[in-house]
Amino acid sequence: MVHATNLGFPRIGAQRETKKIVEAFWAGKVNEQALDEAAVKLRAENWKLQQGQGLSQIPSGDFSFYDHVLDHSVMFNVIPQRFRHLAAGHERNFAIGRGIQKPATETQEKVDIEAQEMKKWFDTNYHYIVPEFEANQTFHLVAQAKTVQEFNEAKALGIHTRPVVLGPLSFLLLGKAAKNSAGLELISLLPKVLPIYEELFAKLAEAGADWIQVDEPILALDLAPSVIAHFQETYTRLTAAAPSLKFLIATYFGRIGDNVSFIKDSGVAGLHIDLVRAPEQIEHVIANLSQTQVLSLGLVDGRNIWKTNLADALKLAQTAVAALGSERVFIAPSCSLLHTPVTLRFENRLKTKNPELYDWLAYSEEKCKEVHTLAHALNHGVESVKAELEANAASIEARRTSSHTTNSAVRERLAAIAPDQLRRRSEFSQRQAQQHAAHPLPEFPTTTIGSFPQTKEIRLARAKFTKGEIDEAAYHDFIKKEIAYCVQEQEKLNIDVLVHGEAERNDMVAYFGERLEGYIFSENGWIASYGSRCVRPPIIFGDVYREKKMTVAETVYAQSLTSKPMKGMLTGPVTCLQWSFVRDDIPRSVVCTQLALAIRDEVVDLEEAGIVHIQVDEPAIREGLPLRSVDFNFYLQWAVDAFLLSTTGVKDTTVIHTHMCYSDFQDIFQAIRRMDADVLTIENSKSDMRILGAFSTHGYAAEIGPGVFDIHSPRVPSVQEMKERADAMLHYIPRRNLWINPDCGLKTRGWKEVRESLTNMVAVAEALRASA
């Protein structure tokens, strides 16, 4: 019998319950008991929901308050030295993810600890906390192992789950060496960590688990033969040590390719593959399985919100059943449903106002139902789910033929793009001289990345406007006051290049999506981004174009309040693409080019309005890089072309800024140079300066602002701490090219910590100038 399964379910709750309880805990409004009780309730709801959709293998261990990789590190006692004096528990775990800062009291010394590094989870917009390993690293399984606890929790409800564990190779190789362990080969820790996995698996077997899901997402990457040899040795050992358990190795986000070679003789019972990203791999993988191994087919897209074409998915599944037999086939989403919203049940506005588009969608709950439908069709014949298949086919056809998805004018403009629209008028050295002459700034100019705190008052005013409780004039008057306040505060801080603060923007992508044709918005399409932060990606359903100016009025108003330069703030086309749920009926490169033309029009309008600094943010350009190097060039060609198309319509004296965050830049360095921005700001404060090594090694001529403090943490770094970072930067960057700025936008922080951090940041710039 074919099994309907799942790899993971969203942890945030249908109404973002996890976010709310976690932030209440941070604010001191609830205690650890309330936090744990809320989690127990939500996990039970998730398991029962999946059971109700007909799944026969339901995951456990996929819940997290902050990050599943952080949870795994804590479970294996991978706690950086600087946190070990803190009492074990939620507060310490959150401190690892966020950092912690507490003033001294009569009974307690001052606490000031930096968070661990955060990085993008492969090519998604989810962020994980990077494990830190030391040369003398010791591992042990904590007494209350989370994976075992949650399996037993589900068992008590009468639900037999499939525990999910991050595999040992991915755990190690997605980590980094601690500062005191430079040169550590992470793979050398494998012999130390495997006994802990054996202990964990023994406890799961004792608790009654039969199947376990071991996630090894690095199998979708380019791996050296030596790493594959470690996979072979590791799983031969682990499966032999736990003979009663059936191991399902799960890989996703791309094709497994030749990395599949170890599977046949590894002792594992099954393999999961992503057939949404790489449907062509099915026959190659089948040929590399043993005579008994199960193949889990990732046929339902775990990263997008469109209904699955069940007819096409069924054909792939039938290929597997014909080759392997029904007992050796599982049906599943392509990856964990962490990356899709929870349920369509609360999308009442979309259902009422746009029933056509609503009919094209499937969130996590609906995707579980799709998995069940496919499995049922395979087990009992297509006639047994005839109504479901016919309804699905009607939805797919309605979307394919809809008049709302194409615009002839947009297609004609795309066809008319000329090569000279992809380059600036002069090379950077000539532009820099003109810019410095036309718009002089002090040495080590200071700026911020764009957003300032989204206060409770701003969110309340936006909610009232959305509900119709205040009119447009009143809302715009409120926003103008917020802009004026933000400009005033920056002038008090003596920042050199100002921003208007983005009080009117709910999200850096959604704001533009609301002003572009081809987008639509959900009410409750929330997904996890990092920690407690959730985002609600806009939905690109049709051809994208701009009908009117989007940011000019607010930027020009902000500029009228100051004699200092004001940056125009835009989100770049690649990031708008990456952080949206994107239509899957035309190539992503085409959608990105449509976005670029819309952004280009806005850039030109800002310049014509007198704005001489224009920032086109591309924090997601590295995130979009394919997982396999053979695919890099094609992506980078169209992605950089899109950025150039959006930014090259201006004069040489206009300063084009861009921003990138949480990226390993080595793989895309030549592409960054080809982007030809005048000023690049990057995340750097938690990366131990290793990012800057690429800029020094490969040579980077333009101006650059590596972040001097981490905005994702509530702690306020001292002047000395930031000054040490800036001094280190000067080993890599010429004085004339160094900007001083935070890592990222400040929207998630409070005004008090922002003022304190920026005061210290400006003091650093002044100290650097004084040291000339």
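Reader: Which residue just after α5 takes a positive phi?

Author: Gly158 does, with a phi of about 85°. This is a predicted model, in which local features need pLDDT of at least 70, side-chain atom pairs count only at pLDDT 80 or more, and totals for chains, interfaces and linings use all residues. Residues are numbered from 1 along each chain as its sequence is written, and side-chain values use heavy atoms, with hydrogens and water left out.

Reader: Why is Ala145 called buried?

Author: Buried means under 20% relative accessible area, exposed over 50%, and partly exposed in between, with a 1.4 Å probe and protein chains only. Ala145 has 4% relative accessibility, and therefore counts as buried. Ala145 is placed in the loop between β7 (132-133) and α5.

Reader: Which residues is Ala145 in contact with, leaving aside neighbours within four places in sequence?

Author: They are Met75 and Leu200, where contact means heavy atoms within 4.5 Å.

Reader: What makes β13 and β14 a pair?

Author: Two strands pair if DSSP finds at least two bridges between them. Strand β13 (residues 294-300) and strand β14 (residues 329-333) have 5 bridges in the parallel sense, and in β14 the bridge partner of Gly298 is Ala332.

Notes. Helices (H or I, at least four residues) and strands (E, at least two) are DSSP runs, numbered from the N terminus.
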